[in-house]
Amino acid sequence: MNTRLFKIATFVALSCIGATLAHAHRVWILPSMTVLSGTDQWVSVEAAVSNNLFFPNHRPVNLAQVQVTAPDGSPVELKNATGGQIRSSFELHLEKQGTYVISLRPGGRGGPGGPGGPGGQQGSLMGTWEENGKVQRWRGTPETLVSENMAAKPGFKLRSSGGRRVFAFVTCGAPTTENLKPTGKDLELEFITHPTDLVAGEPSTFRVLLDGKPVAGAEVAIVRGDDRFRNDAGEITLHTDAEGLVKIDWPVAGRYWMEVTASVLDELHGVPHEKSFVYIATLEALPL
Amino acid sequence: MKKPLVALLPSLVAPAAFGAGDLRVTIEIPRLNVAEYHRPYVAAWIAKPDNSVAANLNVWYAVDMANGEGATWLKDLRLWWRRSGRSLALPIDGVSGATRAPGEHALVFKASDPRLAELAPGEYQLVVEASREVGGREVVSVPFTWGNGVAIKAEARGENELGRIGIEILSTQ
């Protein structure tokens, strides 16, 4: 009885890998404030992998993967950085006026988005095929794909993760865009509306880019923080239009977790291969 | 006991001469019965119909704090900060000033003030925003038409952080 239940649970869990694993454990970077005035300002930042927004209750992030850039693009040192059991934290001294970008880069074993980390498995391949009416699963690398001749399996398909990037933005003074410019690599956002200039009741527009090109039909999900005080988290799911644009109406002021997912279909050694990318940002919509 | 106080008020209210074409803005800061009171930060500006700022009239904040620390809370004047404050170099001569006590404050802007002299005729709003440390925030707007020499007298009332907000221009005709 228990064994059977466990099998069903395992199957459900496995079939969700890649598609919704990110929903099970949400990665986030949360600055204490996103809009500041004056000089010599500080913000404190928490980062964690948790089920609730924005409450640490699962794992910290790998501080070695955290990058912060100043408005002029120069790196910013993490001050008072602490890697805890269920969260990581640090402070930033905002010595320049403008917009700072805080990001969590994929890579590094055990870190989110990295090999062995939640939702990451970058570089590893997941394959499925059907045999005797049952879905079979395989995990490997491009090398084992060839050496094990997986392409011979009936209806063999591959999935992989292009990594997960996590962002947060902080502006002291007037917003700037120097370090927000898309690089033309991986999944990125072009901020038509500045990410620290978001106001409840005013629509914000972002463009989703994959390798610098607009992505039509990319999924953009937003969830407001404090979800553990609501029965329904109230996730809003939107899709980009033909020009890769998504327009978000923030229902109320608050901190939002935004997850953008997009995938590309190609072939790897003759096998159909879906590579999916995830872009996450914590955004703050202010009341006007 | 109350009468002398009332009698004193007009002298407090009209510190500057007020003539034809001048603009008088009245900002009332209500007296609040709260456990912890700090004088509010207050910004007043003239807004165009598209919400852009035509002229900054005043921003009252802790302008004298060491190391410009008083600017830390300017972002709490959220609307003003977004519409113009964040793009300005502070303090601004003739605009920045210290916070003020509860009461009615009259500000007179002479017709020759560049902010008025260069204001194109049209529809505007006087916008006043107040934000109080460990307190609330409120925005009050008063629409007005500028530039035809006709007298203007209009007012609106805030509910919590602002009292009476008045705008007055004497006819030049």
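I began with chain A, where buried residues make up 38% of the 288 residues. I call a residue buried if 20 or more other C-beta atoms lie within 10 Å of its own, exposed if 12 or fewer, and partly exposed in between, with C-beta atoms placed from the backbone.

Ground rules for my notes: this is a predicted model, in which local features need pLDDT of at least 70 and side-chain atom pairs count only at pLDDT 80 or more, while totals for chains, interfaces and linings use all residues. Residues are numbered from 1 along each chain as its sequence is written, and chains are lettered from A and ligands numbered from 1 in the order in which they are written.

**Chain A**

I found three helices and 20 strands in chain A. Helices (H or I, at least four residues) and strands (E, at least two) are DSSP runs, numbered from the N terminus.

Next I looked for nonpolar cores, meaning sets of buried Ala, Val, Leu, Ile, Met, Phe, Trp, Tyr and Cys residues joined through C-beta atoms within 7 Å. The largest one has 56 residues, and Trp28(A), Val208(A) and Val260(A) are among those with the most contacts inside it. Strand β20 (residues 271-286) of chain A gives the most to this core, eight residues. A second, separate core has 34 residues, including Trp45(B) and Val140(B).

I then checked Val260(A): leaving out residues up to four places away in sequence, its contacts include Leu187(A), Val208(A) and Tyr279(A). For a contact, the two C-beta atoms, placed from the backbone, lie within 7 Å.

**Chain B**

Which strands form the open sheet here? I read the order as β4-β3-β2-β6-β7 (chain B), with mixed pairing. Its edge strands, β4 (96-97) and β7 (137-146) of chain B, each pair on one side only. Pairing takes at least two DSSP bridges between two strands. β2(B) and β6 (residues 122-131) of chain B run antiparallel over seven bridges, and Trp45(B) stands opposite Val127(B) in β6(B).

Confidence came next, as pLDDT, the predictor's confidence in each residue from 0 to 100. Chain B has a mean of 90, and 91% of its residues reach 70 or more. Over residues 1-14 of chain B, however, pLDDT stays under 50. Where pLDDT is low, the predicted coordinates should not be read in detail.

**Between the chains**

I saw 12 residues of chain B in contact with 11 residues of chain A. The predictor gives the complex an ipTM of 0.85 and a pTM of 0.86.
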